[in-house]
Amino acid sequence: SDLDDGLQQLDAEPGEAARPTHLELRVLAGRLYRRVEDRASDATVQLEAALALDPLNEPALDALASLHAERGEASAAATLYGQRAEAAVAHEAPDDAAELWRRQLEASGEEATEPLGERIAAAVERFPRHRGLLDLLIEVSGGDPSVEVVALERRLALEDSPGQCGDLWA
């Protein structure tokens, strides 16, 4: 097809200057393939190629996670969100990391696992004043007082509003 031919040309002409165009075209191709019957694997390839160019690209991430969910692959979607959260931490993007870990929890439909709690705790050590990460750590602590109390104390130290402090203790 013309789309397949165009994507092959894109692969033949890699370059830093063309990177944003490549990214946008990969996401678009992934979305188009997703709508064509029996082309889900092509959609996956294109969306993964987009994420290789930009690991935090939200349209590609959402489309690929949705594709996994449509195929009944909730654990693959959750894993994808977790991997991207790790990339967000590495790229100094704690807001993105917190959001992606929340999506991971939603996609998995399960309680937080110990390794997830450990990854979030490591991110909190790197970004100790990040409210979103601290809130998430409190949420996934599983009632472990050694984790929960320290995270709550750090979180409360960041609050100016007495009402917000009360909400955190609730």
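At 39% relative accessibility, Arg-71 counts as partly exposed; this class lies between buried (under 20% relative accessible area) and exposed (over 50%), with a 1.4 Å probe and protein chains only. Its salt-bridge partner is Glu-73, with the closest N and O atoms 4.0 Å apart. Glu-73 is also partly exposed, at 27%. The model is predicted: local features need pLDDT of at least 70, side-chain atom pairs count only at pLDDT 80 or more, and totals for chains, interfaces and linings use all residues. Residues are numbered from 1 along each chain as its sequence is written, and side-chain values use heavy atoms, without hydrogens or water.

The protein has 10 helices and 0 strands. These elements are DSSP runs numbered from the N terminus (helices: H or I, at least four residues; strands: E, at least two). Buried residues make up 38% of the 170 residues. The protein exposes about 9,600 Å², and carbon and sulfur atoms supply 50% of this area. Areas were computed by the Shrake-Rupley method with a 1.4 Å probe; for residues, only the protein chains shown count as cover. Among contacts (heavy atoms within 4.5 Å) between residues at least 6 apart in sequence, 45% join residues at least 24 apart.

The largest nonpolar core has 40 residues. Such a core is a set of buried Ala, Val, Leu, Ile, Met, Phe, Trp, Tyr and Cys residues joined through side-chain atoms within 4.5 Å. Trp-101, Ile-120 and Leu-133 have the most contacts inside this core. Helices H2, H3, H4, H5, H6, H7, H8 and H9 each supply at least two of its residues. Ile-120 touches Trp-101, Leu-133, Leu-136, Leu-137 and Val-140, not counting residues up to four places away in sequence.

Helix H5 covers residues 74–90. Its 17 residues should span 24 Å at 1.5 Å a residue; the expected span is 1.5 Å times one less than the number of residues. The end C-alpha atoms are 25 Å apart, in agreement. Buried residues of H5 include Leu-80, Tyr-81, Arg-84 and Val-89. The buried residues of H5 pack against H3, H4, H6 and H7.

Most residues other than glycine have a negative phi. Asp-38 has a positive phi, near 65 degrees. Asp-38 lies in the loop between H2 and H3 and is exposed, at 72% relative accessibility. Phi of Glu-92 is also positive, near 60 degrees. Glu-92 is found in the loop between H5 and H6 and is partly exposed, at 49%.

The count of salt bridges comes to 11, each defined by a side-chain nitrogen of Lys or Arg within 4 Å of a carboxyl oxygen of Asp or Glu. Glu-92 pairs with Arg-126 at 2.3 Å, N to O. This pair links distant parts of the chain, 34 residues apart, with Arg-126 in helix H7. Arg-126 is partly exposed, at 41%. A further salt bridge joins Glu-99 and Arg-103 at 3.2 Å. Because they are 4 residues apart in helix H6, about one helical turn separates them. Glu-99 is partly exposed, at 38%, whereas Arg-103 is buried, at 16%. Salt bridges with shared partners join Glu-58, Asp-62, Glu-99 and Arg-103 into one network.

On the surface, Leu-25, Leu-28 and Leu-32 form a nonpolar patch, with about 230 Å² of accessible area together. Patch residues have over 30% relative accessible area and no salt bridge; like charges are joined within 9 Å, and nonpolar side chains (Val, Leu, Ile, Met, Phe, Trp, Tyr) within 5 Å. Leu-28 lies in helix H2 and is partly exposed, at 46%.
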